[in-house]
Amino acid sequence: MSRVRIYQIARDLGLATQEVLQQATAIGLTVKAASSTISNEEAELVRFALVGEPKTEKKRAPEPLLTPSAPKPIVQPDPPIAEQPEIQPQDDADDDEERVVEVQDTALVLEYAEAIEVPVNEVVAKLIGLGRMVGAGQRMPRELMEGVGESFGVLVEVIESEPERGPVVRLRDVPQDNPKDLKERPPIVTVMGHVDHGKTTLLDALRRTDVVSGEAGGITQHIGAYQATVAGNPITFIDTPGHEAFTTLRARGAELTDIVVLVIAADDGVMPQTVEAISHARAAGVDVLVAINKIDRPGADPVGVRAKLTEQNVITEELGGDVPSVEISATRGDGLDDLLETLDLMAQIKELKASPKPVASGVVVDSRLDQGRGPVATVIVQRGTLRRGNALVAGAVSGRVRAMFNHEGKQVNSAGPSAPVLVMGWSKVPEAGEGFEVVKNERRARQMASDQADIDRETRIRAEMPSARDRFVHHLEQLQATEGELRLIVKGDLHGSVETLREAIGKITREKGRISIVHSAVGGINLNDVNLSDVTGAVIVGFNVRAESKAAREARQRGIEMRSYSVIYELLDDVEQMLVGKLAPEEHEEILGTAEVRALFRVPRAVAAGCFVTEGRISQGADARLYRNDVVIYTGSVSSLRRFKQDVEEVPFGLECGIVLERYNDVKEGDLIEAFAVREVVPT
């Protein structure tokens, strides 16, 4: 039996897809998305309910087309979806009476549950369902407070404790736009997934450009934003790196986006970073499109991929869920038309709008220090129109738009909502993930940036200022343990890279060893870095940057270690090896043998213990412990070892011997003598 998709009916009738979905639900059909399919007979019912009977047929009353118990179309609630563990609000019929609760952004899960009057075990279960393993005594994730509250029918207003630095879009109060000024805007699509599953290759095929060949190791190293046209409609793509160390950047990408394309290799399946991407998309509340890539490879199993996704509560439409999925081959171009068509439909259903009239505001996607252009930043405009000559501020950095370039490298004079552009004219490199906004003039921008810098400095000093006890403990640590510390100076080409490296290096730990990053910044390795390394003994590591000729010459003359990398996991592996090399050899104790004292003999200036070796062997000169009632009463060494009045080097298991302990005579019958050796083992 042939079937018809909802969006095809909408296209035939010239109606919005959402309108067709609502009417199909009203007459009792189980449909969840624009790509859901229904039979031809059900499609005729939907068409009749929307536009009436065709003129060529005899007119009939609409009642027989409905169920006998429902003479008029009745809007029924969506059937419950078992695979989504969302807890629905208790009273959907009266949204105006939803409770509003204020919660501190530093609240624990237990405190949060008490505030919204929900059992803490239900809140914990909800968090686990969202992929966050957080206990009742841990801090409630700030980004989930509002969403979790809504799922329990409570409007949560988060109270900020103190201004914080981080990948948070910090914009000043933005007035509401006039609904009459709202225009359709392009969707922002983020491509996510596990490393080497084909994300950049997919974008390469969509943009018809070659990006992956220029990436070291074939792995995307930075976030990039690009715009493509699909059926006459522009779509903004954000390309996020797939390596696990870029988790922070990937999370930031999810916060910017409207739709996530989750790329999964058909021959590899669901991997750890796939699960991470699902968690980020779910926390950001964005729609997901599953792209099952590499279907042309041997061993490809799209059905298995869809089945595995159900373990993460991602139920594709083929399995009765509401998450669209397409099978593609990015290298051959198979299925790309279906992918683009589905993206376009999802964007139409969301009815994304923004006003191009107000002054622009948006987010800094990435930034760097360009040798020819100075500080530059890739930004995505979220509201208003950014124009050449605008004064703008991003956190503690001000600037003026001297020039803008689109994703093709062409200079443009303006950029509207959802447009990605490269902006020149910053006073210094702004932080990736920072919110930006246009202000009246450069003086105002500089003042706002200065005020924010003062706030950031005060916050940082307050957080880093140690107490008297902390200073004393730190002083003792410096005096007692100089070994085991690896000091680093980290330089990178982008803020995103440096931020990611700091986070990834911080996770490298060893017992009795630690890593201290004495300095990190964007840009090449310069003479100041060499001087700082000379004073602190730090190793200089550079990511996608080179050393200035004078700095390299000075480093060679002073014997300063300086390393450069183009692939992040190679850098992390070497840092781990360097830390291990800083560790002192570990002492490992090995038990050689045990002897039981059965008799005592007087010898000149000592007491000899007549023993029977019960385990292993006893060696002359070995370290020894004397146990009495399983309690150690002596630790020293075996000074004399004899058999039949003859000195011997060792006595094995099952033989008798005489043992004299060094400088100890208080031995009694029934005591145990344990011989052991301490060996130094180099850490690996």
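The legends below describe close-up views of a predicted model.

Residues are numbered from 1 along each chain as its sequence is written. Local features need pLDDT of at least 70 and side-chain atom pairs count only at pLDDT 80 or more, while totals for chains, interfaces and linings use all residues; side-chain values use heavy atoms, with hydrogens and water left out.

**Figure 1. Overall content of the protein.** The secondary structure comes to 17 helices and 33 strands. Both are DSSP runs numbered from the N terminus, with helices being H or I of at least four residues and strands E of at least two. Of the 684 residues, 45% count as buried; buried means under 20% relative accessible area, exposed over 50%, and partly exposed in between (1.4 Å probe, protein chains only). Contact means heavy atoms within 4.5 Å. Among contacts between residues at least 6 apart in sequence, 70% join residues at least 24 apart.

**Figure 2. Salt bridge between D287 and K350.** A salt bridge is a side-chain nitrogen of Lys or Arg within 4 Å of a carboxyl oxygen of Asp or Glu. The whole structure holds 25 salt bridges. In one of them, the side chains of D287 and K350 meet at 3.4 Å, N to O. The pair links distant parts of the chain, 63 residues apart: D287 lies in strand β10 (residues 287-293) and K350 in helix α11 (residues 336-350). D287 has a relative accessible area of 33% and is therefore partly exposed. K350, at 29% relative accessibility, is also counted as partly exposed.

**Figure 3. Salt bridge between E318 and R306.** The N to O distance between these two side chains is 3.6 Å. R306 belongs to helix α10, and E318 to the loop between α10 (302-309) and β11 (325-327); the pair, 12 residues apart, links distant parts of the chain. R306 counts as buried because its relative accessibility is 7%. E318 is partly exposed, at 45% relative accessible area.

**Figure 4. Salt bridge between E503 and K507.** The side chains of E503 and K507 meet at 3.9 Å, N to O. E503 has 32% relative accessibility, so E503 counts as partly exposed. K507 is exposed, with a relative accessible area of 61%.

**Figure 5. Packing of helix α1 against helix α3.** Two packed helices are described by the angle between their axes and the distance between the axes. Axes are lines fitted to C-alpha atoms, for helices over the stretch in contact, and angles run from 0 to 180 degrees between N-to-C directions. The axes of α1 (residues 6-13) and α3 (residues 40-51) come within 11 Å and cross at roughly 40°. That makes α1 oblique to α3, where angles under 35 degrees count as roughly parallel, over 145 as roughly antiparallel, 65 to 115 as roughly perpendicular and the rest as oblique. I9, D12 and L13 in α1 meet A43, R47, L50 and V51 in α3. The residues of this contact divide into five nonpolar, no polar and two charged; Ala, Val, Leu, Ile, Met, Phe, Trp, Tyr, Cys and Pro count as nonpolar, Asp, Glu, Lys and Arg as charged, and the others, Gly among them, as polar. A network of salt bridges links D12, E44 and R47.

**Figure 6. A26 and A49.** A26 is found in helix α2 (residues 17-26). With a relative accessible area of 8%, A26 is buried. A26 and A49 are 23 residues apart in sequence, and their C-alpha atoms are 9.5 Å apart in space.
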